Amino acid sequence: MKVVVLGGGSTGEHFVGALRRIDADVEITLVESRLVGGECSYFACMPTKTMLRAAELSSSLDRAPGLAPEKPEAAGVWGWRDAVASNWDDTDQVKWLEGQRCTLVRGRGRVARPGIVEVDGRELAYDRLILATGTSAGIPPIDGLDGVDYWTNEDATRAHEVPKSLTVLGGGPVGVELGQFFARMGSKVTLIEHGPRLLGHMYPEAAEILEHVLREEGIDVRTGAAVERVEPGIRLTLADGSTVEAEKLLVATGRSPNTADLGIEQLGCTIGEEGIEVDDRLRAADNVWALGDVTGVALFTHVGKYQARIAAADVMGRPAKADYRAIPAAVFTDPEVATVGRTEGDDLVSARWELTSTPRLSTYERPKRDGFVRLFADPTQRVLVGAVAVGPQAAEWLGQLTLAVRSATSIEVLLDTIQPYPTFSEAIFFALRALADDLASA
């Protein structure tokens with residue numbers, strides 16, 4: 001069997017590894033026009049989290065009595081980040097592919113005809129085709145934007161300078177993370193969000209806390225603000241007539257699936273607004289699978305890797321179907337925002353516990369900042385279906401809630417689970433206790 005993978009980002013790589021673990025003999029070819037490892041390794045997850053960690057360590061000194069405040073040293077931060085991003089050199093990733101006995105073909109691939117992928121004039125035959133082409137930064141149609149030198153996430157994560165001022169378009173995860181980072185590094189940051197609040201796809205209570213923190217740190221947060229025009233300089237004119245000027249402009253207004261000119265329509269694939277449509281086995285057409293961000297299911301590296309494992313099993317005839325009831329998501333601001341599962345619906349019962357009433361926070365920082373855990377339950381089944389957490393390292397201690405949602409573990413068993421003391425996980429027990437009381441009276 002010959003398998004061709006279009007796209008060598010984290011999802012494509014993970015598929016190669018998953019398929020090789022199942023079958024030692026299948027012939028695998030991966031096609032990639034840029035760096036093997038993709039967006040996550042070089043321009044998103046890994047470099048940004050390194051940058052954010054450096055700024056977080058510095059900021060934490062302001063809430064640690066007995067320790068002197070200290071600002072990050074830019075050159076050291078860039079050096080740490082560059083090392084994590086392998087200085088944008090994919091040599092190690094290529095070696096890994098070789099170890100998987102996967103052939104790498106550099107270039108942009110497209111389907112020439114059923115069973116044949118063409119890469120810069122070279123034809124590759126396949127029996128199974130995997131589409132893992134990812135997404136690119138979505139650029140809004142704003143008058144004058146194409147006439148200025150703006151940053152996308154790729155530019156911001158490769159920067160070796162701290163601009164005196166930075167305007168960020170977009171209050172989603174990328175915008176708030178990079179906005180907070182550059183503000184803590186010394187930039188005067190203005191954050192502009194067209195919607196009514198930051199983190200529009202996350203639970204409103206979490207967005208409220210984060211917006212308060214960002215304002216407290218000196219970021220000019222403007223929600224419900226539409227940009228009408230951008231002029232060289234950088235000068236932005238908003239719908240209310242106000243203007244914003246900055247040395248740099250970062251556009252972080254979402255992502256667009258990389259589906260253009262793949263030639264996959266002839267295979268029977270359907271391309272929707274969110275990306276390539278797939279079923280619960282990630283099948284996009286006969287002998288064609290699509291994985292990761294290009295499907296639009298959930299734009300997270302961990303979801304792409306999960307889909308890669310499902311698809312690898314299905315390619316080899318093993319039973320596997322994707323289950324998305326417990327997709328975790330994290331925003332690595334300080335404090336972190338983490339969520340999993342369903343957090344909306346009139347049929348749910350929910351309860352909230354304040355992190356300021358959890359002993360661990362007293363040992364972690366002073367003064368204590370607001371944070372919480374909110375749990376959502378199905379009152380009929382008496383199981384958790386979702387959760388939201390805001391606080392230090394929330395993405396880490398969300399893990400047990402992700403497992404609880406996915407496994408449909410009963411509220412009673414979760415309440416009977418011993419949480420270590422003093423940890424932030426103890427807040428989960430207190431929230432569960434309040435939830436159980438609410439369920440009893442529902």
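## Surroundings of Glu177

Leaving out residues up to four places away in sequence, Glu177 touches Thr48, Lys49, Leu52, Ala330, Val331, Phe332 and Thr333, where contact means heavy atoms within 4.5 Å. The model is predicted, with local features needing pLDDT of at least 70 and side-chain atom pairs counting only at pLDDT 80 or more, while totals for chains, interfaces and linings use all residues. Residues are numbered from 1 along each chain as its sequence is written, and side-chain values use heavy atoms, without hydrogens and water.

Glu177 belongs to helix α7 (residues 173-184), helices being DSSP runs of H or I of at least four residues, numbered from the N terminus. With a relative accessibility of 5%, Glu177 counts as buried, the term standing for under 20% relative accessible area with a 1.4 Å probe and protein chains only.

## Packing of α3 and α7

Helix α3 (residues 45-60) packs with α7 at an angle of about 45°, the axes lying 9 Å apart; the axes are lines fitted to C-alpha atoms over the stretch in contact, and angles run from 0 to 180 degrees between N-to-C directions. The two helices, α3 and α7, are therefore oblique to each other, since angles under 35 degrees count as roughly parallel, over 145 as roughly antiparallel, 65 to 115 as roughly perpendicular and the rest as oblique. On the α7 side, the contact is made by Glu177, Leu178, Phe181 and Arg184.

## Nonpolar core

The largest nonpolar core has 41 residues, and Val176, Phe181, Phe182, Leu199 and Leu214 have the most contacts inside it; such a core is a set of buried Ala, Val, Leu, Ile, Met, Phe, Trp, Tyr and Cys residues joined through side-chain atoms within 4.5 Å.

Definitions and conventions: Buried < 20%, exposed > 50% of the residue type's maximum accessible area, 1.4 Å probe, protein only.
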